Amino acid sequence: MSLRVRDPGGFFAGLLFLAVGLGAVGIARGYAIGTALHMGPGYFPIVLGILLIVVGAVSVVNGLIITTETNGRVVLRPLLTICAAVLVFAVGIDRIGLVPSVFLSAFLASMAVPQPKILEAGLIAALLAVLSAGIFIYGLKLPFALF
């Protein structure tokens, strides 16, 4: 019996989730886990890694079972804009601060759709920037620069 991949996108995405989840659990296995009330440094990476493993396993199984219709085309706009958004956030968080980094990355990510709405994207990006400042800087007291 041979395995036939019926949904290559879902199958390979599942493999990616499995690899990242296994890597997170593998790296964090030496850290103290703690409990849900008193989390150790390994708690979050292990829980997140386990969740990624579950999502990856489900996606791999679905990729083997469920057939999807594809036209074989790779749509570049979402791929490039999401990668650019992640890159802008990664480079900008230390250089321009949390608020501009979140705003720019959210705005770029909003441009991934075929017909983006500029005003809607700007409002969402501004709301996310304000919320992230409130949560991470004022609520959790993380040492990020605002601007």
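Helix 4 passes helix 5 in a right-handed crossing, where right-handed means that the near helix is turned clockwise from the far one by less than a right angle, and left-handed that it is turned anticlockwise. The model is predicted, so local features need pLDDT of at least 70 and side-chain atom pairs count only at pLDDT 80 or more, while totals for chains, interfaces and linings use all residues. Residues are numbered from 1 along each chain as its sequence is written, and side-chain values use heavy atoms, with hydrogens and water left out.

Two packed helices are described by the angle between their axes and the distance between the axes. For helix 4 and helix 5 the axes come within 8 Å and cross at roughly 145 degrees. Axes here are lines fitted to C-alpha atoms, for helices over the stretch in contact, and angles run from 0 to 180 degrees between N-to-C directions. Helices are DSSP runs of H or I with at least four residues, numbered from the N terminus.

On the helix 4 side, the residues that meet helix 5 are Leu98, Val99, Val102, Phe103, Ala106, Phe107 and Ser110. Their partners in helix 5 include Ile118, Gly122, Leu128, Ser132, Phe136 and Ile137; contact means heavy atoms within 4.5 Å. By class, this contact has 15 nonpolar, three polar and no charged residues. Nonpolar covers Ala, Val, Leu, Ile, Met, Phe, Trp, Tyr, Cys and Pro, charged covers Asp, Glu, Lys and Arg, and the others, Gly among them, count as polar.

Ser132 lies in helix 5 (residues 118–139) and counts as buried at 8% relative accessibility. Buried means under 20% relative accessible area, exposed over 50%, and partly exposed in between, with a 1.4 Å probe and protein chains only. Not counting residues up to four places away in sequence, Ser132 touches Leu98, Val102 and Ile137.

Rings of Phe, Tyr and Trp (its six-membered ring) pair if their centres lie within 6.5 Å; planes under 30 degrees apart count as stacked, over 60 as edge-to-face and the rest as tilted. By this rule the count comes to two aromatic pairs. In one of them, the rings of Phe11 and Phe12 have their centres 5.2 Å apart and their planes at 80 degrees, so the pair is edge-to-face. Phe11 counts as buried, at 15% relative accessibility. Phe103 and Phe107 form a stacked pair, 6.2 Å centre to centre with 15 degrees between the planes. Because they are four residues apart in helix 4 (residues 98–110), Phe103 and Phe107 are separated by about one helical turn. Phe103 is partly exposed, with a relative accessible area of 29%, and Phe107 is partly exposed at 22%.

Helix 4 also packs on helix 3 (residues 76–95), at an angle of about 175 degrees with the axes 8 Å apart. That makes helix 3 roughly antiparallel to helix 4; angles under 35 degrees count as roughly parallel, over 145 as roughly antiparallel, 65 to 115 as roughly perpendicular and the rest as oblique. Among the residues of helix 3 in this contact are Thr81, Val88, Phe89 and Gly92, and among those of helix 4 are Leu98, Ser101, Leu104 and Leu108. The contact of helix 3 with helix 4 has 11 nonpolar, four polar and no charged residues.

Gly40 is found in the loop between helix 1 and helix 2 and counts as buried at 19% relative accessibility. Leaving out residues up to four places away in sequence, Gly40 touches Ala32, Ile33 and Gly34. Pro114, in the loop between helix 4 and helix 5, counts as exposed at 74% relative accessibility.

Most residues other than glycine have a negative phi. Lys141 has a positive phi of about 60 degrees although it is not a glycine. Lys141 lies in the segment after helix 5 and is exposed, with a relative accessible area of 63%. Leu142, also found in the segment after helix 5, is partly exposed at 33%. Apart from its neighbours within four places in sequence, Leu142 is in contact with Phe136 and Ile137.

Technical notes: Helix = DSSP H or I, 4+ residues; strand = E, 2+ residues; numbered from the N terminus.
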